[in-house]
Amino acid sequence: MARVLRLTPGQQRIEAHDVDKGVDCEHKKVTDDDGSVLLHLSTFGSRDRESPRKSSQSLQFDSGIAAELVDVLRATFGDDALHLNLQPRLDVAFPADGTTADIGSLIQIYRSNPEAFRALISNDDAASDVVALANRRKQVEDFRRLLTDDDYFDSVRKKNFPKRGSEAVWQDFFERNPWIFGVSLSGQLLTSWSPDKLEQVVAGHSIASVGKRTDALLRTSGLIQSMVFAEIKTHRKELLEPVREPYRSGCWAPSFELSGGVVQIQGTVHRAVTQIGERLNDTAPDGSDIPGKSTYLLRPRSYLVIGNLASLFGEGGGEHQDKVRSFELYRRELVQPEIVTFDELLARAEWTIESASNGSGADSR
């Protein structure tokens, strides 16, 4: 009879024992004087012994030695259920100093039982927030890459929109991420008019109507809601006329694309207000009004997303002050729309994500 105090690899030359001379082994839980639990194993003589059945050898293991024994068994036979009928186990140590745990081990654990992980996360509000935030951070990273990597942008357009222009890339991106408009365009929270699609018909019901679509139709949140329009161009559109000389000394004219975009969304808003009026009621599937659900069109706000402030830099790599002044004065004097460049929209989205990560900002859709 012996209490096992240590498990170490053996150095003896040992061969497999004869099965015919095998013995029975009984196990039992016993309690030590200090209250700790022990596992007691007793073997009984082989079947061909002449003496009556009695215990011949016994071993006792405390919880620490038992854990070591389990590790030895797993290392010897593996985690295959055909051998041990044990569930695979992977332990990940999270360092006390706050450093990152071994990612490889985490991935192995997830792959061993992804459904359990999903159930764990779905029942944990904080974990769900982490997953949502991680996805939005990934989308912001994709936003930056689309904006700064011309080859990547062109590859996305050729792959997904071979028969459409560059605007289709941004339309698709913002359709998948309407929250960027919701938290970035305005001091008010903006939500997509439709949960299914940003782009909406806002004026007319036939192909004879001109300018009847807007790239993004939103509305403010609150007890009283107002309609908000947005037109999406591309980051490659010039903000100022691409000429070597200014229109007048120190004055650079807005580009054809910029002024054209302004006129386009102003016309869209005008036609919508003319046809819809000051107030639009939400309707049920049968066409009836939904009480308390209406949206106002009282001088509705509008946005034109276009270009990149980097186009206002000069040949030496610094800001061209006359160009910056010309662009800023032009857009600040406009009543509607508000002009927002793609890099400004990205900066606001990045700030939102970082604020949410630090627990100092809201990340709302």
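This note sets out, in numbered points, what may be read from the predicted model shown above.

1. Confidence. The mean pLDDT of the protein is 79, and 73% of the residues reach 70 or more. Two stretches call for caution. Residues 205-212 have a pLDDT below 50, and this stretch has 11 contacts in the model beyond near neighbours in sequence. Residues 360-365 also have a pLDDT below 50, with 17 contacts beyond near neighbours in sequence.

2. Overall composition. The protein contains 11 helices and 12 strands. Of its 365 residues, 32% count as buried. The accessible surface comes to about 23900 Å², and carbon and sulfur atoms account for 52% of that area. Among contacts between residues at least 6 apart in sequence, 55% join residues at least 24 apart.

3. Helix α6. This helix covers residues 150-160, and its buried residues are Y152, F153, V156 and R157. Seen down the axis of α6, these buried residues fall within an arc of 135°, so they line one face of the helix. On the other side of α6, the residues D151, K158 and K159 are exposed.

4. The start of α6. A side-chain oxygen of D149 reaches to within 3.2 Å of the backbone nitrogen of D151, at the start of the helix.

5. Helix α7. How many of the 10 residues of α7 are buried? The count is seven, and the helix is therefore described as mostly covered, since buried means under 20% relative accessible area. The buried residues are A168, V169, W170, Q171, F173, F174 and E175.

6. Aromatic pairs. A pair of aromatic rings is described by the distance of the centres and the angle of the planes. The count for this protein comes to nine aromatic pairs. In one of them, the rings of W170 and F173 have their centres 6.1 Å apart and their planes at 90°, so the pair is edge-to-face. Both residues lie in α7 (residues 167-176), three residues apart, which is about one turn of the helix. Both W170 and F173 are buried. F173 also forms an edge-to-face pair with F174, at 5.4 Å centre to centre and with 75° between the planes.

7. The aromatic cluster. Which residues do the ring pairs link into a cluster? They are F143, F153, W170, F173, F174 and F342. F153 is also one of the buried residues of α6, while W170, F173 and F174 are among the buried residues of α7.

8. Backbone geometry. Most residues other than glycine have a negative phi, and most peptide bonds are trans. The peptide bond from Q336 to P337 is cis, with omega near 0°. P337 is found in the loop between α10 (321-333) and β12 (338-340). R299, a residue other than glycine, has a positive phi near 45°. R299 lies in strand β11 (residues 289-305), and it counts as exposed because its relative accessibility is 69%.

9. The end of α9. I276 lies in helix α9, which covers residues 256-276. Is I276 buried, partly exposed or exposed? I276 is partly exposed, because its relative accessible area is 26%. I276 and Y296 are 20 residues apart in sequence, and their C-alpha atoms are 9.8 Å apart in space.

Key
Residues numbered from 1 in each chain as written. Predicted model: local features only at pLDDT ≥ 70, side-chain atom pairs only at ≥ 80, totals over all residues. Heavy atoms only, no water. pLDDT = per-residue confidence, 0-100. Contact = heavy atoms within 4.5 Å. Buried < 20%, exposed > 50% of the residue type's maximum accessible area, 1.4 Å probe, protein only. Helix = DSSP H or I, 4+ residues; strand = E, 2+ residues; numbered from the N terminus. Arc of directions from axis to C-beta. Polar contact = N/O pair within 3.5 Å; in protein donor to acceptor, adjacent residues only side chain to side chain. Areas by Shrake-Rupley, 256 points an atom, 1.4 Å probe, with all protein chains shown as cover. Phe/Tyr/Trp six-rings, centres within 6.5 Å; stacked < 30°, edge-to-face > 60°.
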